[in-house]
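Please read this note with the model open beside you. Each point takes up one place or topic.

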Amino acid sequence: MRQKRRRIGRLDLLRRARDRTERVALLALAGAAPAQALDKFRLANGGFGLWAVEASRIGQQAGIFAKHGVEVEAFSSAGAGETLQAVIAGSADGSIGIGTAGVLGAFQKGAPVRIFGSNFVGAGDLFYYVRASSPIRKFSDTTAANTIGYSSNGSSSHMTTLAVIEEGGVKAKATATGDQANTLTQVLSGQIDIGFGVPPFGLRELDEGKIRNIGTGNEAPSLRTQSVRVDMISLRTMTERREPFLRFVKAHRETLDWMMKDPQAITLWSKNTGQPEAILRRAAFEFQPRSAAEHLEVKGVAGLMEAAVKQKFLTKPLTDAEVKELVQVPPM
């Protein structure tokens, strides 16, 4: 009987010890959870496949955002209009690589958005092409009967196409054609004369001789020193989540630097796009150099606004105070 009580006593002690251990473990987990939780940012990106836009996915995959306590969920949107709507409606926190003209116009209409960095300076990464059998070999060969594509109103391709028509000797009519894949289909099927592409898109077709390059967006001199694409954040996210937002920006900039140095970035980009690494290296280093993706300064704002007024994205230029309110690039 005494041995039985002893056994029961030992079992009771073991149960108590086990319970204490479990409580300690649960408390430890509870204390650790907040430190391990990542601040999540949802991004609506209309230009996946572009080097500087891919930073949002590549940085996430490489663990750079997690290192700064941030998690990025980036989803595809169809052009500037849909991107802006997602951010304004709150289904996205911001966007990487949206056309500057669209953001300027939306801000003037009262949209609660802010620019937190330049995405790409110049338009040399956007090229225009025709079918290999087309008689058009350069912009000056176009006539009013021809058509030239852009994705959607307010997009960087829209702004660039309008500038090329005005400054680059293009006489063709600007026509919305949707994303790059849809545009290529329309060019190859003869529905439109001139398409647009941003490498790596289109490089394979160029190499195979299906299409022919007739020029780039830099045929419009005014665009060469302007931030034609920017990175945008909702006002609510920037103000209510200020500290996580600054960590997100820091991680984004670190990703841009790392992408130009580590071959793993090209490998990840290849997995994301299904494009061969050789084509992607060409796209990154020939068409989209790191210098063009310098994040810290939104360049050529006065010229961008002048063009936006001509192209009817703005009713009038923003005041200096409005520009200061819209463009809020965090310092290093």
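1. Glycine 169 sits in the loop between H6 and strand E7 (173-176). Helices (H or I, at least four residues) and strands (E, at least two) are DSSP runs, numbered from the N terminus. Glycine 169 is partly exposed, with a relative accessible area of 37%. On this scale buried means under 20% relative accessible area, exposed means over 50%, and partly exposed lies in between (1.4 Å probe, protein chains only). Glycine 169 touches Phe139, Ser140, Thr142 and Val164, leaving out residues up to four places away in sequence. A contact means heavy atoms within 4.5 Å.

2. A word on the source. This is a predicted model, in which local features need pLDDT of at least 70 and side-chain atom pairs count only at pLDDT 80 or more, while totals for chains, interfaces and linings use all residues. Residues are numbered from 1 along each chain as its sequence is written, and side-chain values use heavy atoms, with hydrogens and water left out.

3. Move on to alanine 220. Glycine 169 and alanine 220 are 51 residues apart in sequence, and their C-alpha atoms are 9.0 Å apart in space. Alanine 220 is in the loop between strand E9 (211-216) and E10. Is alanine 220 buried or exposed? Alanine 220 is buried, because its relative accessible area is 0%. Its contacts are Ala163, Val164 and Glu167, with neighbours within four places in sequence set aside. Alanine 220 and glycine 124 are 96 residues apart in sequence, yet 9.8 Å apart in space, C-alpha to C-alpha.

4. Now take two serines. Serine 152 is in the loop between strand E6 (147-150) and H6. Serine 156 lies in helix H6 itself. Serine 152 is buried, with a relative accessible area of 17%. Serine 156 is buried too, at 14%. Serine 152 touches Ala78, Gly79, Ala80 and His158. Serine 156 touches Gly99, Val228 and Arg229. Both lists leave out residues up to four places away in sequence.

5. Next, the largest pocket. A probe the size of a water molecule, rolled over the atoms, shows where empty space is left. Here a pocket is an open set of points on a 1 Å grid over the protein atoms alone, where a 1.4 Å probe fits, with protein on both sides within 12 Å along at least five of seven lines; lining residues have an atom within 4 Å of a point. The largest pocket holds about 670 Å³ of space. That volume is the space filled by probe spheres set on the points, with grid points joined across faces, edges and corners.

6. Which residues lie nearest the centre of the largest pocket? They are Gly46, Gly47, Phe48, Asp179 and Gln180, out of 33 lining residues. Helix H4 (79-89), strand E3 (94-99), helix H6 (156-167) and helix H7 (180-188) each give two or more residues to the lining. E3 gives the most, with 4 residues. By class, the lining has 11 nonpolar, 20 polar and 2 charged residues. Ala, Val, Leu, Ile, Met, Phe, Trp, Tyr, Cys and Pro count as nonpolar, Asp, Glu, Lys and Arg as charged, and the others, Gly among them, as polar.

7. H5 is largely enclosed by the rest of the structure, because 8 of its 9 residues are buried. Among the buried ones are Val103, Leu104 and Phe107. Just after H5, glycine 110 takes a positive phi of about 100°.

8. Then the core. A nonpolar core is a set of buried Ala, Val, Leu, Ile, Met, Phe, Trp, Tyr and Cys residues joined through side-chain atoms within 4.5 Å. The largest one has 47 residues, of which Val103, Leu104, Tyr128, Ile194 and Leu318 touch the most other members. H5 supplies the largest share of this core, 5 residues. Leucine 104 touches Leu304, Met305, Ala308, Leu314, Leu318 and Leu326, not counting residues up to four places away in sequence. A second, separate core of 30 residues includes Val70, Leu203, Met238 and Phe287.

9. Last, the whole chain. It has 14 helices and 10 strands. Of its 332 residues, 48% count as buried.
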